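Keep the 3D view open as you read.

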2 protein chains.
Amino acid sequence: MNTASRGVVAKIVAGIESPSEQWITRARAHLDVLTKPLGSLGMLEDIAAQMVSIRRQDFAQPLQKAVYVFAADHGVTAEGVSAYPSEVTRQMVLNFLAEGAAINVLAKLHGVQMNIVDVGVDAHFDGLHGLLHCKVRRGTRNMLYEAAMSDAELAQALEVGSRLGAEAGAKGQSLLAVGEMGIGNTTAASAITSVLTRKPVQQVTGQGTGLDAGAQAHKRGIIEAVVQKYFPTVGIDSVPDPLEVLRCVGGLEIAAMTGLILGAARSGIAVVVDGFISTAAAASAFATEPRVRGYLFAGHQSEEPGHWVLLKYIGLKPILSLNMRLGEGTGAVLAMPIIESAMRLYNEMATFASAGVSEANL
Amino acid sequence: MNTASRGVVAKIVAGIESPSEQWITRARAHLDVLTKPLGSLGMLEDIAAQMVSIRRQDFAQPLQKAVYVFAADHGVTAEGVSAYPSEVTRQMVLNFLAEGAAINVLAKLHGVQMNIVDVGVDAHFDGLHGLLHCKVRRGTRNMLYEAAMSDAELAQALEVGSRLGAEAGAKGQSLLAVGEMGIGNTTAASAITSVLTRKPVQQVTGQGTGLDAGAQAHKRGIIEAVVQKYFPTVGIDSVPDPLEVLRCVGGLEIAAMTGLILGAARSGIAVVVDGFISTAAAASAFATEPRVRGYLFAGHQSEEPGHWVLLKYIGLKPILSLNMRLGEGTGAVLAMPIIESAMRLYNEMATFASAGVSEANL
């Protein structure tokens, strides 16, 4: 089953090593001699130690930051699961290219190179400048009636992402953010979350881009039907297959982000995940290969109720918590100055000895 | 009582206006037409609206950011309330000047102009380059036996801060961070917190720079004795006088930060407070004049247990929560890229109309 996609993933996963425990120990020892009370930089110390363990070196050079925003459409929008019409996916891609979206503003301010990837928008974008053209198909199939993708399509979407992850490594990029745009994709993310974490659909389904209570109940019903259709033994069958989950419920952008995370981990690059949807991709990557966890940072805690369930499932602690629910990679890029701060402190602070500062009496 | 300090404060407070409600309404309306789901930028929208209301204009120019780090010593360190010897205050000032401290690294990375102010370090700094020389006296008196300052000294410390706040306005600075360095100053901050908020000392006293349980109990005992000595009717007397609290327990850096916050508010400048100690200054300013609240941002939630008590007392929600407990203004400066992000999004994002993006169906 899923021979093509399984083949793609197996090749990448074989090359993923766990981040270095030795370098974590070394980083901790260095943090303890810097001119500050022991442990007083809190989570910044954890972030610095993790980055050092990923890179297996003390960082002398500045971080090279990039964000990859994957766009795709979802056949399930025919069921009325979103507050916005599905044409907004296409319109927002044009807004990204015109630099008018939230992610453009944040990427520019924080020095983050921006990549917009069409992996499955239901629009004719041929020849459009500034877009990475990687369309697998014009939107997924309606998961309520048939699997969102074929095995071949899933394989292709995974490869789009993993190739970009490998290329990022070749370009010297050292910190990636993943984000997405796809009307309907919280429906896909809720289905993935429910199946992978075995939580009831109700607990992991939220308002998306702004549904009212009635529309939310309708969306929940659709997701429950989908989960029942493809994964009737969830909670009985003990190991849901993450590739089969992606294939049945989508989306193409979630599969591509899964590929990017796997590819980046194989290249030894840190990835900051954004909100609910990109974290569903991270959870799919983690379910495929748990060693990716050491390469991941959670940019923020989003307002979507399924997000914390996924973060807990993977074992990630969010850096920011600003009640955002926008996507596009905005929460991930916003966490980058914090991660960069942690690395600069690690590299540039004086030690007690170098600064002639007395240590604690205790 | 406290004629001199009361005179200083009265003059500043008379010029403080509340931030503009009209501009908040106008900012909210603008946020709602930007290309994002309604409210999806969460706390960033609140931050942007507050900044617009403080400045009474849409921000076209970039923020001019500065941090003011006030250093002073505390006579109460003779009682063994800190994990570090009091000479560390002097040593850390030299570390600030040599650009080796955490705050130097963060200020440099985030484009924040750095000011180090000696308002009461127990050291001879005359002629030292790069330091703002505003020493009131070489450390406060030991509050366990006598009031930390005289009324004249308190007035002078408040004036140091308020003058810097006024000068910041004249220089065009639009976003200030306040921070401090002073061995022993969590003891002063805990005493202030207990008196102003009427919480038991136990609830608002933490480990400071890293005390063990025994040393923490000793510190708590000292603070309880101090509160009993100067404010025996706390909880009975319904309005503790914030200036009298500052005069009795100090410190000079807390009084100067109180002055800076009042002075900045009078100049219409936003101030980001840092952790427990600078928030004790903010609480003192707020207790003196509640209209300062609209000018304040809480950079982060520190690990000190008294900090959230103070934030709740003033009515501030922290931007970051990274388990930091370092001081120096580090948590405040680290929040500046978030505040700047909010303003840039407000100014630079496309609207639904300008980008040709469809609005929600609901």
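R141(A) is partly exposed, with a relative accessible area of 22%. In this predicted model, its salt-bridge partner is E153(A), and the closest N and O atoms of the two are 2.8 Å apart. R141(A) sits in the loop between β3 and α6 of chain A while E153(A) belongs to helix α6, so the bridge ties together parts that lie 12 residues apart in sequence. E153(A) has a relative accessible area of 12%, which makes it buried, because the cut-off for that class is under 20%.

How accessible is D122(A)? Its relative accessible area is 43%, so D122(A) counts as partly exposed. R138(A) is partly exposed as well, with a value of 46%.

Now turn to chain B, where the side chains of K65(B) and E340(B) form a salt bridge with 2.6 Å between N and O. Which elements does this bridge join? K65(B) lies in strand β1 (residues 65-72) and E340(B) in helix α13 (residues 330-348), so the contact ties together parts of chain B that are 275 residues apart in sequence. Are these two side chains buried or exposed? K65(B) is buried, with a relative accessible area of 11%, and E340(B) is buried too, at 8%. These bridges are among the 26 salt bridges that the structure holds over all chains.

Finally, step back to see how the chains are placed. Two copies of a chain are related by a rotation about an axis and a shift along it. Here, chain A is superposed on chain B by a rotation of 180° with 0.0 Å of shift along the axis, and the RMSD is 0.0 Å. That is the relation of a two-fold axis. The same surface serves both copies, as 100% of the contact residues of chain A recur in chain B. If you want to find the axis in your viewer, go to L320(A): of the residues of chain A, its C-alpha comes closest to the rotation axis, at 3.2 Å.

Technical notes: Residues are numbered from 1 along each chain as its sequence is written. Chains are lettered from A and ligands numbered from 1 in the order in which they are written. This is a predicted model: local features need pLDDT of at least 70, side-chain atom pairs count only at pLDDT 80 or more; totals for chains, interfaces and linings use all residues. Side-chain values use heavy atoms; hydrogens and water are left out. Copies are superposed by least squares on the C-alpha atoms of residues with pLDDT of at least 70 in both. Contact means heavy atoms within 4.5 Å. A salt bridge is a side-chain nitrogen of Lys or Arg within 4 Å of a carboxyl oxygen of Asp or Glu. Buried means under 20% relative accessible area, exposed over 50%, partly exposed in between (1.4 Å probe, protein chains only). Helices (H or I, at least four residues) and strands (E, at least two) are DSSP runs, numbered from the N terminus.
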